[in-house]
Amino acid sequence: KQVVNSGKTEILMPFSSPEYITDADFFRATASGTSKNMEMARTAADLNARNALAAQVSTIVKTVTERYMNQVDIDNKSEFASKLETNTRLIVNQELQGAIVKGTKAYQNDDGSYEFWINIEMPRAVIADGIEEAISKDEKLAVDFDQHLFMKTFDEEMAAYQQQNTPR
């Protein structure tokens, strides 16, 4: 859809309403793909959305980890952070396969090419539970890990992210 305002054209992006944006319970990402082949456009949109979701999760988890480490007394903070980051990357890569498609839209452009939009989501709990499980399996990480504080920090960061990214 397009809206004309004072000689400017506003482009309304698919899946830009609040139910398609990351909130306290779900990580969500929207992306598009364009190709002369509709299946290729769909595949590109899906890959782009999964990459966007992975980047978003990694950014939030990195911020949570930094905030968490500033609140606790850990002997070797850099080793703890490195191990946590490695475990998180593995968890995100595993869980992205299970991301759920929340919505799709397909368009055919004037030139005959296809433009495919997709919105995917992944429950926040899946990532949080995966991190907790990975930490509990590593004896050295488990010794320094305060699960309650980490989850509290995670919840706060998710709320802050939602507030920053909610359309006004």
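A residue is called buried when its relative accessible area is under 20%, exposed when it is over 50%, and partly exposed in between (1.4 Å probe, protein chains only). By that rule, F150 and F154 are both buried. This is a predicted model, in which local features need pLDDT of at least 70, side-chain atom pairs count only at pLDDT 80 or more, and totals for chains, interfaces and linings use all residues. Residues are numbered from 1 along each chain as its sequence is written, and side-chain values use heavy atoms, leaving out hydrogens and water.

Start with the aromatic rings. Rings of Phe, Tyr and Trp (its six-membered ring) pair if their centres lie within 6.5 Å; planes under 30 degrees apart are stacked, over 60 edge-to-face, and the rest tilted. The whole structure holds three aromatic pairs. One of them joins Y68 and F150: the ring centres are 5.3 Å apart and the planes meet at 75 degrees, so this pair is edge-to-face. It links distant parts of the chain, with Y68 in helix 1 and F150 in helix 5 (residues 147-165), 82 residues apart. Helices are DSSP runs (H or I, at least four residues), as are strands (E, at least two), numbered from the N terminus.

Y68 counts as buried because its relative accessibility is 0%. F150 also has a relative accessible area of 0%, so F150 is buried. F150 pairs with F154 as well, in a tilted arrangement: 6.3 Å centre to centre, 50 degrees between the planes. F150 and F154 sit four residues apart in helix 5, about one turn of the helix.

Leaving aside residues up to four places away in sequence, T65 touches A81, L84 and F150. Contact here means heavy atoms within 4.5 Å. T65 and D155 are 90 residues apart in sequence, yet 12 Å apart in space, C-alpha to C-alpha.

The strands come next. Strand 4 (residues 100-108) and strand 5 (residues 114-123) pair in the antiparallel sense over eight bridges. Pairing requires at least two DSSP bridges between two strands. Y107 stands opposite E115 in strand 5. The hairpin has five residues between the strands, and G112 takes a positive phi near 90 degrees.

The charged end of K102 sits over the ring of Y20, 5.6 Å from its centre. The charged end of K105 sits over the ring of F15, 5.4 Å from its centre. The criterion is NZ of Lys or CZ of Arg within 6 Å of the ring centre and within 35 degrees of the ring normal.
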